[in-house]
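Please examine the sequence and the structure before working through each solution.

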Amino acid sequence: MFTGDEEFGDNRNELLLTYGFEPVYRAASLRVGARFLGRYYATIDGDFGERSLHEVGWFADFAAGRLRPGLHLRFPIDEDYFRQNHRFILGLHIQVVLSPER
């Protein structure tokens, strides 16, 4: 990901690695789950705690044909940028199912 600005001479690219897990309850037309998400900045200096950000949250969506509209709520658990600037993230999402699940 490009993070710099050529005008100010800060021409940088960052490599972020995303990891996590999400237990999910699945029914015919509903999915509800929890999520743990981490982002690791691989191209900056520092120990693991300084180079990573973590969130926990919940999500739900339902089937409407090939579309799955849903809602997610996430909370940062680190004392870094997200926690200082955002208490939570509430979002709407929509997924498009390309092939039916079996």
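Arginine 35 is partly exposed, because its relative accessibility is 27% and that class lies between buried (under 20% relative accessible area) and exposed (over 50%), with a 1.4 Å probe and protein chains only. This is a predicted model, in which local features need pLDDT of at least 70 and side-chain atom pairs count only at pLDDT 80 or more, while totals for chains, interfaces and linings use all residues. Residues are numbered from 1 along each chain as its sequence is written, and side-chain values use heavy atoms, without hydrogens and water.

**Exercise 1.** Identify the salt-bridge partner of arginine 35 and locate both residues.

Solution. Step 1: a salt bridge requires a side-chain nitrogen of Lys or Arg within 4 Å of a carboxyl oxygen of Asp or Glu. Step 2: glutamate 22 meets this criterion with arginine 35, the closest N and O atoms being 2.7 Å apart. Step 3: glutamate 22 lies in the loop between strand 1 (16-21) and strand 2, whereas arginine 35 belongs to strand 3 (residues 30-41), and the two are 13 residues apart. Strands here are DSSP runs of E with at least two residues, numbered from the N terminus. Step 4: glutamate 22 has a relative accessible area of 41%, so it is partly exposed.

**Exercise 2.** Determine whether aspartate 61 and arginine 31, which form a salt bridge, are buried or exposed.

Solution. Step 1: the N to O distance between their side chains is 2.8 Å. Step 2: the bridge joins strand 4, which holds aspartate 61, to strand 3, which holds arginine 31, across 30 residues. Step 3: aspartate 61 is buried because its relative accessibility is 2%, and arginine 31, at 12%, is buried as well. Step 4: Arg31 and Asp61 are linked with Arg68 in a network of salt bridges.

**Exercise 3.** Classify the ring pair of tryptophan 58 and phenylalanine 75.

Solution. Step 1: rings of Phe, Tyr and Trp (its six-membered ring) pair if their centres lie within 6.5 Å; planes under 30 degrees apart are stacked, over 60 edge-to-face and the rest tilted. Step 2: the centres are 5.7 Å apart and the planes stand at 75°, so the pair is edge-to-face. Step 3: tryptophan 58 is in strand 4 and phenylalanine 75 in strand 5 (residues 67-76), 17 residues apart. Step 4: Trp58 and Phe75 form one aromatic cluster with Phe88.

Methods:
Helix = DSSP H or I, 4+ residues; strand = E, 2+ residues; numbered from the N terminus.
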